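Reader: I would like to learn how to read charges, cores and salt bridges from a set of coordinates. Could we work through one case together?
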Amino acid sequence: VDESLGAREPAGETPAQRETLDPATWQWTAGDRVFLDLLQKAHALGMHIIIDGVFNHVGEGFWAWQEVRARGRDSPYAEWFEVTEWTETYGFAPEGSSSSLRPRKWNGWSGPGTSMVRVARRGDGLHPDFERHIFDITRRWMDPNGDGDPSDGVDGWRLDVADAIPHGFWRRWRTLVKSINPQALIIGEIWGEASPWLHGDEFDAVMNYSFAMPTVRFFRSAARFPATDYVAAFEQVLDRHSWSTNLAMQNLLDSHDTDRIASMLANTERPYDRQNRPDQPDSDYDAGEPNEAAYQRLRLASFLQFTWVGAPLVYYGTEVGMYGADDPFDRGPMWWALDRPDSQGRAARAERHADLRAWYRTLTAMRARHPALRRGRVRSVLADDARRVLAYIRWTADERLLVILNAGGDATRVRLDVGSNAQSAAVVFPTESDGPDVNGGYVELDLKRSSGTVLKLTDR
C-alpha cells in the first residue's frame, strides 16, 4: 500500500527494500496498517472490499527487478521477466555476482524498455518462484493474521489484463483463493469475448465491456444503433454464459481506462474508447462540461444498467456528474460535496448535479428493494427501432417487473403483451407516474420522452 497513506517509514528504509521472496521476512508498513484498519471499519458497515491484482507487470522499483538490474544474469530472478537482450558491462561485476551481463532490452507494458516490466510466461503459467510469490501475497491480504479466518482480509480481487496470463495460472490461483475464502469474488479484466475464463474454474465474472460498448453506442445522441440490434447484442452475451455468471457480471459504462461516461455521451459518432483524447493532433474531442442533454442520456443509460441482468458498476464520481477525456483526464480527484460555498460563494461542483446523485440513490434503493432486479430472469417484450423504445420483464418465483425505456425524442404510447394472467400493474419507478391500463394480458401506458418506467405486475 502506498506509504503516503500512513506515517513516514524509518529514514532510509522503504517497503521495497524490506521485501524478499520469503514471506516470513515481510513487515506491515504504516500504509499497510491504515488499509487493514479500513478493512475492519468497512466490514463493520456491511461493506466488502476487493483489490486490484496486477500480476502481468511490475513497477521499475519492484525489488526483484532491481536485483536483476544489479546482479544481471546471476540473479535468481532473472527468468521472472521478459528480458530480450543482455549487455556486457566490461570489467564490472558487483559483489556476489560472477556475471557482467545486465538487462539491456526488455518488454514493458508500454513497449520495449518501458518502466512497467512484463512478467515472463512459463508454459501454462509464470515462473514457479514468481507464482509462489504471488500466492504468498494472496494469502497475506486475504488472511492478514494467518489464523485461518479470512474475515480480517480483503473480500476478492479484480485482475488486471487477465488475458495476458495463461489459464493454468488462473486455475491454480483460483483454487488457492477459494480455499482461503469460498465467498471471495474474482473479477477479470477482459475486454473481448470472455467465455474461456468463465467455465467456473477461473473467474466468477468479468468487467462486462460487452455491456458497456453497445450501451454507449445506443445512447449516444447522434448514433443510429437500432433497438433490435441492441437487444440482440445483449441476448448474445447472455447466451454465452451460465445464469449465475450473468448475474455476477460487472455491468459498467466507463472505467479508469476510458473517458468518463458523461463525456462519452457528449461526444458522438466515435467507437467506444477511441478518439477520446483532446491532447492528440487534430482531435475534435470536447473535454468541457457536458450539457444537460448528455446528463439526461446518462440517466437513461444508468436506468438500464440498474435494471438489466448483472451487477451495476459505477465509476467513482459519475453519480455527481464528473466528466473527463481518456487517461489521465478521467482520474481526477473526487468532487466532494461541501456544507458551505467556497470563498467565492460558489457551491461545490458535486452540488451542481445534486439531482443526478438523487437519481443514483433512487436506482440503488429500487434495486435493493426488488429481488427480481438482482436475480430475476429476463424476457424481451419490445424493441421498437422507430421510436427507440425497449421493454423487458425481470422475474423471480415471487415477483414480476416490467421495465420500459423510451430513448426517443418524443413522448409515445405503448401497448405491451405481458401475458394473459396479468391482472394489474403498480408503478415502482418513477413514483410520480400515472398507473397504466391493464386489460386482457396487455399493459398500455404513456411514456415521456427520454424516460424509464418500472411496473410491478400482479397475476390472477
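Author: Let us begin with charge, for which a convention is needed: Lys and Arg count as positive and Asp and Glu as negative, while His and the chain ends are not counted. The model before us is a predicted one, and its protein chain carries 54 positive and 67 negative side chains, with the centres of the two sets lying 3 Å apart.

Reader: How many helices and strands does the protein chain have, and what does its C-alpha trace span along the principal axes?

Author: The secondary structure comes to 13 helices and 21 strands, and the C-alpha trace spans about 90 × 50 × 40 Å along its principal axes. The chain exposes about 22,000 Å², of which carbon and sulfur atoms supply 49%, and of its 460 residues 49% count as buried.

Reader: Which residues touch the most other members of the largest nonpolar core?

Author: The general idea is that in soluble globular proteins nonpolar side chains tend to be buried together. In this model the largest nonpolar core holds 98 residues, and those touching the most other members are Phe 81, Trp 157, Trp 170, Trp 173, Phe 203, Phe 219 and Leu 304. Helix H10, residues 292-307, gives the largest share of this core, namely eight residues. A second, separate core has 15 residues, including Ile 393, Ile 404, Val 414 and Leu 445.

Reader: What does Phe 81 touch, not counting residues up to four places away in sequence?

Author: With those neighbours set aside, the residues that Phe 81 touches include Val 58, Phe 62, Trp 65 and Val 68, and also Val 117, Arg 118 and Val 119.

Reader: Is Val 237 buried or exposed?

Author: The cut-off for buried is under 20% relative accessible area, and Val 237 is therefore buried, because its relative accessible area is 10%. Val 237 lies in helix H7, residues 227-240, and, leaving aside its neighbours within four places in sequence, Val 237 is in contact with Asn 208, Ser 210 and Asn 246. The C-alpha atoms of Val 237 and Ser 195 are separated by 9.4 Å, although these two residues are 42 residues apart along the chain.

Reader: How many salt bridges does a search of the whole structure find, and which parts does the pair of Glu 82 and Arg 118 tie together?

Author: The test is a side-chain nitrogen of Lys or Arg within 4 Å of a carboxyl oxygen of Asp or Glu, and a search of the whole structure finds 33 salt bridges. Glu 82 forms one with Arg 118, where the closest N and O atoms are 3.5 Å apart. Glu 82 lies in the loop between helix H3 (63-71) and strand E3 (83-88) and Arg 118 in strand E6 (residues 117-118), so the pair ties together parts that are 36 residues apart in sequence. Glu 82 counts as buried at 19% relative accessibility, whereas Arg 118, at 22%, counts as partly exposed.

Reader: With which residues does Arg 172 form salt bridges?

Author: One partner is Asp 124, with the closest N and O atoms 3.1 Å apart; another is Glu 131, at 2.9 Å from N to O. The pair of Glu 131 in helix H4 (residues 128-142) and Arg 172 in helix H5 links distant parts of the chain, 41 residues apart. Glu 131 is buried at 9% relative accessibility, while Arg 172 is partly exposed at 31%.

Conventions: Residues are numbered from 1 along each chain as its sequence is written. This is a predicted model: local features need pLDDT of at least 70, side-chain atom pairs count only at pLDDT 80 or more; totals for chains, interfaces and linings use all residues. Side-chain values use heavy atoms; hydrogens and water are left out. Helices (H or I, at least four residues) and strands (E, at least two) are DSSP runs, numbered from the N terminus. Buried means under 20% relative accessible area, exposed over 50%, partly exposed in between (1.4 Å probe, protein chains only). Accessible areas come from the Shrake-Rupley method with a 1.4 Å probe; for residues, only the protein chains shown count as cover. The place of a charge is taken as NZ of Lys, CZ of Arg, CG of Asp or CD of Glu. A nonpolar core is a set of buried Ala, Val, Leu, Ile, Met, Phe, Trp, Tyr and Cys residues joined through side-chain atoms within 4.5 Å. Contact means heavy atoms within 4.5 Å.
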